[in-house]
Amino acid sequence: MEEILSRLEADGVRLIELHFSDLHGNIKSVTIPVKRASEAFSKGIWFDGSSIDGFARIHESDMFLKPDKDTYVVLPWSNGEKARFICDVYTPLGKPFEGDPRGILRKMVEKAKALGYEYMTGPEIEFFLFKCGDKGELIPHDSGGYFDFSPMDLASEIRKEMIYDLEKFGIEVEAGHHEVGKGQHEIDFKYGKAIETADRTLTLKYVIKSVALKYGLIANCMPKPIYKHAGNGMHVHQSFNDLKTGENLFYDEKDPYNLSGLARHFVAGQLKHAKALSAIVSPTVNSYKRLVSGYEAPVYISWACTNRSALIRIPKILPGAKKAARCELRCPDPSTNPYLAFAAMLAAGLDGIEHKLTPPKTVEEDIYHLEESTLSARNIERLPASLIEAIYELKKDKVVLDALGPHSSKLYLLAKEEEWLDYSMQVTDWELKKYMNR
């Protein structure tokens, strides 16, 4: 604590933003003057948990935020006056709050560590940049395409500023580029430990929205914001490191895909629980408008090496590149809460390892063009086609529900059922045009 207090004084910080996440992955914040920093680290800062979606009921509302010192950063756009810490949530008795998404992931990470595994993740986060039209409509900011480097990619300077600001947050960016859709972009940061990566995912969304606002733009992580255009994905690369040696436990040079038996069990577990996982990693009504054929988004529960229509892909690696061995889950989108997503994904993988599950044969051809009879003969199942289908699957899956815990799983299911009910009662412009004159 003394070290952090000294840094705050040396940096000239006057205000501290304490960030945490609600159940849906929205950043919540409490701002305190720097003179309360010592209190924050020793006792925690009180807030009303009953006002946060997915947290406590009104009669048990007292919650406390305790900053994680490793997440300290001076906000780049605050003229040096504001710092940020990501916090863990505690009860008045000093115990971790069971509904804290960061705490939920921490529990699963500790379970993996007890088995000797360090869970490593690396998300690829896509987003759109929109400008507002005269009538308030959202218009893609540019007309560039995949990996374009041209005057059409008007956001190249904005991406550059986003990358610079992310680096000021201590996030090592590996790549930033234009994506397939008009106005669509991707920024990738360094692979890392799951909790750190989830923190960085929330931070990245915070940064891109803040920078976009400076330019009068809206950074949008909605899974499918534009009809008949590519959607925003958040493919997640995953592996295990040996907790003692740091070696990648997913690597086996003798395997055709360079995957160890442990990795294959992990893949099999995620395939087994894919339908229930959908409710967590594709968590909105809009998510299922992205998961359709024709846009490189997965629809079928399968795995492969080069096939980008598969749910899980095994990226090719250079000979002997042990650290690069990994599996890539392609159904998540950036509307997910990264803490819950990684916790559920890890639980599914560990279940595959515990029961030594074997994945089915890989599917390297384009699954979208396979006949229905072929899909049936090869036992290739589909992901849920809607949020309500995913909710039904989650209700049946004890492994994924246990990963969330009884408190959060109950509130999460309730919130998602309400979201679906609200959506299903809407009367859309499409319906009016389609049926009004019949």
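The legends below describe close-up views of a predicted model. Residues are numbered from 1 along each chain as its sequence is written, and side-chain values use heavy atoms, with hydrogens and water left out. Because the model is predicted, local features need pLDDT of at least 70 and side-chain atom pairs count only at pLDDT 80 or more, while totals for chains, interfaces and linings use all residues.

**View 1. A salt bridge joins Arg 106 and Asp 88.** A salt bridge is a side-chain nitrogen of Lys or Arg within 4 Å of a carboxyl oxygen of Asp or Glu. The whole structure holds 24 salt bridges. Between Arg 106 and Asp 88 the N to O distance is 3.2 Å. Arg 106 belongs to helix α3 and Asp 88 to strand β6, so this pair ties together parts that are 18 residues apart in sequence. Helices (H or I, at least four residues) and strands (E, at least two) are DSSP runs, numbered from the N terminus. Asp 88 is buried at 12% relative accessibility, whereas Arg 106 is partly exposed at 30%. Buried means under 20% relative accessible area, exposed over 50%, and partly exposed in between (1.4 Å probe, protein chains only). Both residues belong to a network of salt bridges that also links Asp 68, Arg 102 and Asp 199.

View 2. Glu 157 is partly exposed at 45% relative accessibility, and Lys 160 is partly exposed at 36%.

**View 3. Lys 190 forms a salt bridge with Glu 172.** Their closest N and O atoms are 3.7 Å apart. Lys 190 sits in the loop between β10 (184-189) and β11 (192-193), and Glu 172 in the loop between α4 and β9 (173-178), so the pair ties together parts that are 18 residues apart in sequence. Lys 190 has a relative accessible area of 39% and is partly exposed; Glu 172 is also partly exposed, at 47%.

**View 4. Helices α3 and α8 pack against each other.** The angle between α3 (residues 101-114) and α8 (residues 338-354) is about 25°, and their axes are 8 Å apart. That makes α3 roughly parallel to α8. Axes are lines fitted to C-alpha atoms, for helices over the stretch in contact, and angles run from 0 to 180 degrees between N-to-C directions. Angles under 35 degrees count as roughly parallel, over 145 as roughly antiparallel, 65 to 115 as roughly perpendicular and the rest as oblique.

**View 5. Helices α7 and α11 pack at an angle of about 45°.** Helix α7 covers residues 274-281 and helix α11 residues 398-424, with their axes 13 Å apart. That makes α7 oblique to α11.

**View 6. Asn 79 and Lys 228 each have a positive phi.** Most residues other than glycine have a negative phi. Phi of Asn 79 is near 55°, and this residue is found in the loop between β5 (73-74) and β6. Asn 79 is exposed at 75% relative accessibility. Lys 228 has a phi of about 60° and lies in the loop between β12 (218-220) and β13 (234-242). Its relative accessible area of 57% makes Lys 228 exposed.
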